[in-house]
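Have the structure open as you read.

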Amino acid sequence: MSNQLDTIAPLREFVIDMTNLVSHESTEPNLIAKCSELLKTLIKSDDWLPEFCTIPHPEFYQQYLLHADPLGRFSVVSFVWGPGQKTPIHDHCIWGLIGMLRGMEKGQRYQQLPSGELVTDGPQTVLRQGEIEAVGPTIGDIHVVSNAIPDKTSISIHVYGANIGAVKRHTYDSLTGQPKQFVSGYSSKQVPNLWDRSAEVRASLN
């Protein structure tokens, strides 16, 4: 449990647990299942998320890198959605998990027919605080996501099976289904300092 001197402890513990997980597990269904349990614990509270990773942009949703594994095995990203903001229709090309930290998201999945046409895959869903959704090439990878609250910011925590800022993936034309390659970036060059525990340790000195 975190304290006032170590508020970022839940994120650090999640990163440590994820590093151990990807070091011993390579089967995608097992990674998704075990990571889901870790993510569920992380998003039970939201006081660990640094303030700079919560700031919306007036026009575009924001993607703040929280941690990237140095071997490229996973990344953790804070998505900040201002009112009315949404993604284009897109895929991921790797497995991913979305955990709702604050607010709500709406999502609509698509599948691409052999003709190239995109058709909706199931009804629109709403992801509420504490809930998790999985995406990936083997379980359904094409979707559009938007803030489900019209007048407030929503924040979700995403975990991907690679450094998502270095993955070539696709947006899709909603009418023709035509894909276009893109690489998503990050909204800040700053990342949280997970490893400075000096204040906590200093407080324990005799």
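At what angle do the axes of helix H1 and helix H2 cross? This is a predicted model, where local features need pLDDT of at least 70, side-chain atom pairs count only at pLDDT 80 or more, and totals for chains, interfaces and linings use all residues. Residues are numbered from 1 along each chain as its sequence is written, and side-chain values use heavy atoms, leaving out hydrogens and water.

**Two helices**

The axes of H1 (residues 9-24) and H2 (residues 28-42) cross at roughly 170° and come within 10 Å. That makes H1 roughly antiparallel to H2 (over 145 degrees counts as roughly antiparallel). Axes here are lines fitted to C-alpha atoms, for helices over the stretch in contact, with angles running from 0 to 180 degrees between N-to-C directions. Helices (H or I, at least four residues) and strands (E, at least two) are DSSP runs, numbered from the N terminus.

Who touches whom? On the H1 side, Pro-10, Leu-11, Phe-14, Asp-17, Met-18, Leu-21 and Val-22 meet Leu-31, Lys-34, Cys-35, Leu-38, Leu-39 and Leu-42 of H2, where contact means heavy atoms within 4.5 Å. By class, this contact has 11 nonpolar, no polar and 2 charged residues. Ala, Val, Leu, Ile, Met, Phe, Trp, Tyr, Cys and Pro count as nonpolar, Asp, Glu, Lys and Arg as charged, and the others, Gly among them, as polar.

On a 1 Å grid over the protein atoms alone, a cavity is a set of points where a 1.4 Å probe fits but cannot get out, while a pocket is an open set with protein on both sides within 12 Å along at least five of seven lines; lining residues have an atom within 4 Å of a point.

| Space | Volume | Lining by class |
|---|---|---|
| Largest cavity | About 50 Å³ | 3 nonpolar, 3 polar, 3 charged |
| Largest pocket | About 280 Å³ | 9 nonpolar, 10 polar, 1 charged |

Strand S4 (104-112) and strand S8 (142-147) each give two or more residues to the cavity lining, and S4 gives the most, with 4 residues. The pocket is lined by 20 residues, and Tyr-61, Gln-63, Phe-79, Phe-182 and Ser-184 lie nearest its centre.

**A ring pair**

The rings of Tyr-61 and Phe-79 have centres 6.1 Å apart and planes at 15°, so this pair is stacked (centres within 6.5 Å, planes under 30 degrees apart). Tyr-61 lies in the loop between H2 and S1 and Phe-79 in strand S2, so the pair ties together parts 18 residues apart in sequence.

Definitions and conventions:
Parallel < 35°, antiparallel > 145°, perpendicular 65-115°, else oblique. Points joined across faces, edges and corners; volume = space filled by probe spheres on them. Phe/Tyr/Trp six-rings, centres within 6.5 Å; stacked < 30°, edge-to-face > 60°.
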